[in-house]
Amino acid sequence: MYQPPIPDSPSFEFTVFTPSTVDDDNGFTTPTLPQLNNHIRRSTRSLRNRLHSIYTDSLFVAAVARAYSFPLIPNARAGDWYVPPLRRVVGGSTYFKSTDGHTNEWGFSLRRLNLGLLSIAGSHNGAILVDSTRRGKRFPDSLAKAVPIWISVLNAALFPDLFPTPILYTSPLAVSPHEVAAIEKLLPKFLREFLELGLDLAVLRGHVTKPLRPLFITPASPLPSEAPQFEDFTPLVLVTASRMMKCEGTEGEYIQGAGDDHEGWASTSGLTPGIFWLHHESILAADEDGISAAVSAAVTAGVAESVGKEEEGITLVKPTGNIFISSLAAMTRGNLITSVIVNCSDTPLPQVTINIPIPSGKRGNKALRLAAPGLITDLTDTIAGGRNIVFVCDSGDDVAPAVALIFLSLYYNHDGTYLHQHRDTIDKTQIKRRLAWISSARPTANPARGLLNAVNSVLMGRED
């Protein structure tokens with residue numbers, strides 16, 4: 001039975017903003033009410049208050065894990081801050097974007113299938129998914145709508161006898177009946193698009209024997225005194241880590257969803273969830289004047305970005321037997337048995353056979369389009385000979401999957417066998433199916449849209 005350790009509780013007090021006395025006689029200008037409100041908001045959203053709010057919320061997340069005895073899985077980005085690395089399930093990673101749950105923008109992502117969640121939930125008879133929101137709502141749209149949409153599609157695909165049409169499970173506290181009705185009209189389309197990927201549903205059914213069902217939990221929810229048993233379904237406990245506040249997500253010194261949008265408050269210091277949790281005691285012990293130095297010391301300690309994150313390592317893209325994707329860090333450990341290495345990173349590797357540095361994200365679009373024709377020529381004989389090929393980039397989740405996608409689309413049949421002559425015509429459905437192979441094998445893979453546009457341009461002669 002999964003039982004996360006109880007975190008220690010360092011003593012601390014939030015930093016409270018107290019406006020100083022204003023003296024017009026000595027040349028001070030009396031601030032306006034909006035100016036005071038803005039100053040108070042900036043002061044209460046200090047780095048120290050933000051990190052203490054995250055720690056406070058993590059105690060609630062740990063309490064939920066003890067109550068349900070299910071493994072913890074952070075939803076990527078915001079959720080990573082609330083689940084210490086030692087308390088998350090090995091291999092647990094999901095990325096449900098809130099944009100897939102935004103009103104009138106509902107979607108089922110074919111790029112982020114999150115199928116690894118099935119094996120974790122199935123093997124533990126349930127799982128806990130953690131996220132937060134800073135927008136003064138009970139649930140982020142990722143948990144309120146994106147995950148329920150995903151559950152409805154997977155249930156209908158894997159258990160068609162029980163779900164001849166997709167059924168949407170939501171919380172009435174988060175989704176109105178009108179919005180539920182609008183989403184339900186889209187579910188058959190989402191199901192059809194998922195089935196068109198041609199994934200082996202028998203393999204997926206082997207992970208879960210009972211349908212999925214969401215349970216919605218917030219800090220206002222009562223928790224069971226004993227771990228409940230679920231006989232008829234596999235529960236996904238969707239936990240909003242932060243309690244809902246009034247007034248734009250803050251109340252006093254506590255910050256709702258403090259881990260959200262960390263690019264705006266953590267990137268300049270270099271602080272990451274892994275570094276924070278490795279050094280959280282010294283960081284949380286610092287006062288307002290010393291917090292920046294404490295964070296800087298933690299970052300300077302040389303802790304890598306990957307600290308505390310499950311290393312995806314070197315991934316075989318099934319059903320092929322010779323196409324691999326790897327992060328740079330995994331390659332430096334030298335544990336890959338392969339013949340050809342395609343390094344898409346700027347960082348050199350001693351064992352590289354082909355080096356084509358391609359920037360990550362949108363900047364890689366032009367570079368990939370220019371490099372692809374020559375790379376296809378260079379690797380054609382290698383693929384024909386059945387030799388192993390590993391595509392490498394810094395994270396293993398952005399550029400390398402995009403480059404591998406080109407070759408999977410050109411040279412491999414639906415069952416993973418090699419085509420002795422690459423396809424002359426390729427359509428979007430074929431590309432989506434090969435991308436689904438990558439997403440299934442490596443759940444963290446998430447090529448940027450610009451890179452996928454470059455893949456479309458190379459394979460179909462146009463961008464979408």
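Biologist: At roughly what angle do the axes of helix α12 and helix α13 cross?

Modeller: Happy to start there, and please keep in mind that this is a predicted model. Helix α12 covers residues 399–411 and helix α13 covers residues 428–441. Their axes come within 9 Å, and the crossing is at roughly 125 degrees.

Biologist: How many nonpolar, polar and charged residues are in the contact of α12 with α13?

Modeller: From α12 come Pro401, Leu405, Leu408 and Ser409. They meet Ile431, Arg434, Leu435, Trp437 and Ile438 of α13. Sorted by class, the contact has 7 nonpolar, 1 polar and 1 charged residues.

Biologist: Thanks! Is Ser109 buried or exposed?

Modeller: Ser109 sits in the loop between β1 (72–74) and α3 (116–124). Its relative accessible area is 14%. Because the cut-off for this class is under 20%, Ser109 counts as buried.

Biologist: Which residue's backbone nitrogen does the side chain of Ser109 reach at 2.9 Å?

Modeller: A polar atom of the Ser109 side chain lies 3.2 Å from the backbone nitrogen of Arg111. At 2.9 Å, the backbone nitrogen reached is that of Arg112.

Biologist: And what distance separates the C-alpha atoms of Ser296 and Leu271?

Modeller: Ser296 belongs to helix α9 (residues 291–300) and is partly exposed, at 39% relative accessibility. Leu271 is 25 residues apart from Ser296 along the chain, and their C-alpha atoms are separated by 8.1 Å.

Notes
Residues numbered from 1 in each chain as written. Predicted model: local features only at pLDDT ≥ 70, side-chain atom pairs only at ≥ 80, totals over all residues. Heavy atoms only, no water. Helix = DSSP H or I, 4+ residues; strand = E, 2+ residues; numbered from the N terminus. Buried < 20%, exposed > 50% of the residue type's maximum accessible area, 1.4 Å probe, protein only. Polar contact = N/O pair within 3.5 Å; in protein donor to acceptor, adjacent residues only side chain to side chain. Axes fitted to C-alpha atoms, helices over the stretch in contact; angles between N-to-C directions. Contact = heavy atoms within 4.5 Å. Nonpolar A, V, L, I, M, F, W, Y, C, P; charged D, E, K, R; others polar.
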